[in-house]
Amino acid sequence: MSTAAAPVRPGLVLADLLPASRVRDMALVVGGAALTGIAAQIAVPVPGSPVPVSGQTFAALLVGTALGARLGLLSLALYAVAGMAGMPWFAQGTSGYAMPSFGYILGMLLAAAVVGHLARRGGDRSVLRMAGTMAAGSAVVYAVGVPYLALATGMSLGEAVAVGLVPFLIGDALKAALAMGALPTAWKLVGRRR
């Protein structure tokens with residue numbers, strides 16, 4: 001007789017473990033947007049950069065991974081629209097869209113969909129897969145955010161990389177390490193209860 005936990009079906013994300021309903025989906029979308037807004041308030045200015053280090057990217061990637069591509073994208077879309085409408089929950093309590101760092105928020109929308117897709121394919125089930133999922137999500141955020149920063153400020157792309165990407169790499173590695181521990185552990189706990 002085996003005591004090993006039954007594996008959770010591939011193709012699921014953590015949100016799928018809750019009974020499906022429109023109310024559940026709406027609650028998850030609003031909750032993910034709120035989590036991202038709260039995490040954005042953990043922000044530290046970076047000398048020489050108009051972009052602070054904040055928890056919003058980490059939260060956005062976790063939301064996308066836990067909710068899947070569709071709900072993750074909707075959650076980050078709600079976050080972005082509410083912030084553009086004046087809700088002061090972007091990094092450092094800012095709102096609106098006329099700021100050099102707004103491209104990172106747009107990148108988070110796409111990144112949530114990417115990591116949600118990867119999670120459905122098992123990208124959140126092991127430490128190594130989660131590292132790849134976080135790296136892919138971060139790359140999407142920077143692929144949109146850095147060029148937007150360059151355009152919004154008149155910087156060259158090289159200057160935008162120097163102030164909008166390089167100073168954040170160590171923090172991103174730490175955030176990835178947290179996610180690499182949290183999500184695979186959540187799946188192991190779920191597997192034991194099934």
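Student: Where is Ser 54 found?
Tutor: Ser 54 is in strand 2; strands here are DSSP runs of E with at least two residues, helices are runs of H or I with at least four, and both are numbered from the N terminus. Keep in mind that this is a predicted model, where local features need pLDDT of at least 70, side-chain atom pairs count only at pLDDT 80 or more, and totals for chains, interfaces and linings use all residues. Residues are numbered from 1 along each chain as its sequence is written, and side-chain values use heavy atoms, with hydrogens and water left out.

Student: OK, is Ser 54 buried or exposed?
Tutor: Ser 54 has a relative accessible area of 7%, so it counts as buried (under 20% is buried, over 50% exposed, in between partly exposed, with a 1.4 Å probe and protein chains only).

Student: And what does the side chain of Ser 54 reach?
Tutor: The backbone nitrogen of Gln 56, at 3.3 Å. That's a polar contact: a pair of N or O atoms within 3.5 Å, where within protein one must be able to donate a hydrogen and the other to accept it, and residues adjacent in sequence count only if both atoms are side-chain atoms. Leaving out residues up to four places away in sequence, Ser 54 also touches Ala 39, Ala 40, Ile 42, Ala 43, Ala 91 and Lys 175 (contact means heavy atoms within 4.5 Å).

Student: What about Ser 49, where's that?
Tutor: In the loop between strand 1 (43–44) and strand 2 (53–54). Ser 49 counts as buried because its relative accessibility is 15%. A polar atom of its side chain lies 2.7 Å from the backbone oxygen of Val 163. Beyond neighbours within four places in sequence, Ser 49 is in contact with Val 163 and Phe 168.

Student: On to helices. At what angle do helix 2 and helix 3 pack?
Tutor: About 145°, with the axes of helix 2 (residues 56–67) and helix 3 (residues 69–84) 6 Å apart. Axes are lines fitted to C-alpha atoms, for helices over the stretch in contact, and angles run from 0 to 180 degrees between N-to-C directions.

Student: Which residues of helix 2 make that contact?
Tutor: Gln 56, Ala 60, Val 63, Gly 64 and Leu 67, and on helix 3 the list includes Leu 71, Gly 72 and Tyr 79.

Student: How do helix 2 and helix 5 cross?
Tutor: At roughly 120°, and their axes come within 11 Å; helix 5 covers residues 127–153. Helix 2 and helix 5 are therefore oblique to each other (under 35 degrees is roughly parallel, over 145 roughly antiparallel, 65 to 115 roughly perpendicular, the rest oblique). Among the residues in contact are Thr 65 of helix 2 and Met 130 and Thr 133 of helix 5.

Student: Thr 65 again, then. Is Thr 65 buried or exposed?
Tutor: Buried, because its relative accessibility is 0%. A polar atom of the Thr 65 side chain lies 2.8 Å from the backbone oxygen of Leu 61. The C-alpha atoms of Thr 65 and Val 115 are separated by 5.3 Å, though the two are 50 residues apart along the chain.

Student: Last one: how far apart are the axes of helix 4 and helix 5?
Tutor: 7 Å, with helix 4 (residues 102–120) packing on helix 5 at an angle of about 155°. So helix 4 is roughly antiparallel to helix 5. Gly 107 and Ala 111 of helix 4 are among the residues in contact, as are Gly 137 and Val 141 of helix 5.
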